[in-house]
Amino acid sequence: MFKYSVYVVLFVLAAVQAALLPFNLVLAALVLILSFAAGSVVQGMLLAFFSGLFLDLARGGRLGFTSLSFLVLVVVFSLYQRRFNYRSPLFSAVVILVGGLSVDWMAGAGINWLENLLTAAAAGLLVLFLSGVVVSGERGKLRV
Amino acid sequence: MIYGEEKLKKNLVLFTFLAAVSILLLFLDNRGWLGFKSVLQAPFLALEKPLYSARLSVTGFWGFVYGWPARELEMEQLRAQLAKVNVDQKTLNECLAENNHIKKLLGASLPARWQFLEAKVIGADGKLHLDRGTKDGVTAGMNVVYEKILIGRVEIANSDDAVVELINQKDLIIPVKVNDAKTTRARGLLTGQGDNRLLLDKVLQEERISKDDWVVTSGEEGWLPDLLIGRIDEIEEDKAALYQRATVLPLTDLKRLEMVFVVIKD
């Protein structure tokens, strides 16, 4: 059930991003899901592909462009995931910042530094919070 | 995630497949061969329309609340300006003459051969998302205006919607003329800065430009002629430079547009 509800969340976020905000909400959500919820690289790639499609459809852009960008990003993310602590706020923030800037650069519409920095910072803070929740949850399990 | 030989192979196959599908979709969409795209877009557009309308009402309310002190200050400045104009009859006459010209400029009718298509804004994430597409006659490259003011140009036209690159978009270059109250004073290139500012560049040093001059399109490189864009706000003083540069303020708030017009025939 959770597997499918994630797609609903990404669908809504894509519409919100396209209608309201210049921030990379979908990319941030994707990185957070990959860090905390996605069980495998296969799941991550499927999520990246569909969230990219959702964003292209919501924005009215060329279909396939963002899905391809996110797909590449997820593969890079999964490669570095083993080398770094992928649940650290810094790692998530850097991935979102680099990913957002790269997508902006590839789209050729100018690089939005401020929006990407703010998205990365907000996501980093969220990861900090989520890491705390996960750690305390695991401690609780150990006690039981 | 442990990378066994088998798992790596499986991941590689899936990546190749998804990448190939993405590239295929990109190719087909670029050619306009994705007939089902509008069907897939329908739920997104249905959700985006009320969201964008809600955003306009919310930002309007908060803008009113937070803008109160600024408006008070502005009112004071306007009162002082009005008093000054009242005592100086000569300045008043000049202002009236200029005002008449500006009115003429703003109110001048657009060429009769131009045809307009009304389009509702349904999203604005750096670019403008319109609810009109190729089904309504919109194609890439068409100019988008609001009254006589240039807003941008259609970048992508889908069957039911279109994406507009705005005049403030970075890297977008528009050939322009600088007009004062009477004549054309200079020519240059206008580039977006991402925020609500534009940069006028490549104006020759011998050409005279001043604050509050009008910046209008010169009608080159696919842009329609004599569309208003903004007014010069600040001129960079550097006599040693080859060209003059100036900051231009757009005439419309590009983030708060609800309805625009696509020039579908010129």
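Tutor: Two residues are in contact if their C-beta atoms, placed from the backbone, lie within 7 Å. Keep that in mind for this predicted model.

Student: What helices and strands does chain B have, and how many of its residues are buried, as a percentage?
Tutor: Chain B has four helices and 12 strands. Its length is 266 residues. A residue counts as buried if 20 or more other C-beta atoms lie within 10 Å of its own. In chain B, the buried share is 29%.

Student: Which helix of chain A gives the most to the side that touches chain B?
Tutor: The contact takes 31 residues from chain A and 37 from chain B. On the chain A side, α1, α3 and α4 each supply at least two residues. The biggest giver supplies seven residues, and it is α3(A).

Student: By class, how does the side of chain A that touches chain B divide?
Tutor: This side is made up of 31 residues. Sorted by class, they are 20 nonpolar, nine polar and two charged.

Student: Is the crossing of α4(A) and α1(B) left-handed or right-handed, and how many charged residues are in the contact?
Tutor: The crossing is left-handed. F65(A), S67(A), L68(A), L71(A) and V75(A) come from α4(A). They meet F15(B), L18(B), A19(B), S22(B), I23(B) and L26(B) of α1(B). By class there are nine nonpolar residues and two polar ones, and the charged count is none.

Student: Which elements do the buried residues of α4(A) pack against?
Tutor: α4(A) has 17 residues and reaches 24 Å from first C-alpha to last, close to the 24 Å expected. Its buried residues include F65(A), L68(A), F70(A), L73(A) and F77(A). They pack against partners in both chains: α2, α3 and α5 of chain A, and α1 of chain B.

Student: Which helices of chain A are among those that cover the buried residues of α1(B)?
Tutor: α1(B) has 27 residues and reaches 39 Å, close to the 39 Å expected. F15(B), L18(B), S22(B) and L25(B) are its buried residues. Their cover includes, from chain A, α3 and α4.

Student: Which residue follows α1(B), and what is its phi?
Tutor: The residue after the helix is G32(B). Its phi is positive, near 75 degrees.

Student: How many polar residues are in the contact of α2(A) with α5(A)?
Tutor: These two helices pack at about 140 degrees, with axes 10 Å apart, in a right-handed crossing. α2(A) brings L27(A), A28(A), V31(A), L32(A) and S35(A), while α5(A) brings S92(A), V95(A), I96(A), G99(A) and G100(A). Six of these residues are nonpolar and none is charged, and the polar count is four.

Student: Is E221(B) buried or exposed?
Tutor: E221(B) sits in the loop between β9 and β10 of chain B. Its phi is positive, near 55 degrees. E221(B) has 10, so it counts as exposed.

Student: What is the phi of K202(B)?
Tutor: K202(B) lies in strand β8 of chain B. With 17 C-beta neighbours inside 10 Å, K202(B) counts as partly exposed. Most residues other than glycine have a negative phi. K202(B) has a positive phi, near 60 degrees.

Student: Why is V248(B) classed as it is?
Tutor: V248(B) is found in β11 of chain B. Among the residues V248(B) touches are L190(B), L200(B), V215(B) and I232(B). Because V248(B) has 26 C-beta neighbours inside 10 Å, its class is buried.

Student: How far apart in space are V248(B) and E234(B)?
Tutor: In sequence, 14 residues separate V248(B) and E234(B). In space, C-alpha to C-alpha, the distance is 7.2 Å.

Methods:
Residues numbered from 1 in each chain as written. Chains lettered and ligands numbered in written order. Predicted model: local features only at pLDDT ≥ 70, side-chain atom pairs only at ≥ 80, totals over all residues. Left-handed = near helix turned anticlockwise from the far one by under 90°. Nonpolar A, V, L, I, M, F, W, Y, C, P; charged D, E, K, R; others polar. Buried ≥ 20, exposed ≤ 12 C-beta atoms within 10 Å, placed from the backbone. Expected span 1.5 Å × (residues − 1). Axes fitted to C-alpha atoms, helices over the stretch in contact; angles between N-to-C directions. Lists of a residue's contacts leave out its neighbours within four places in sequence.
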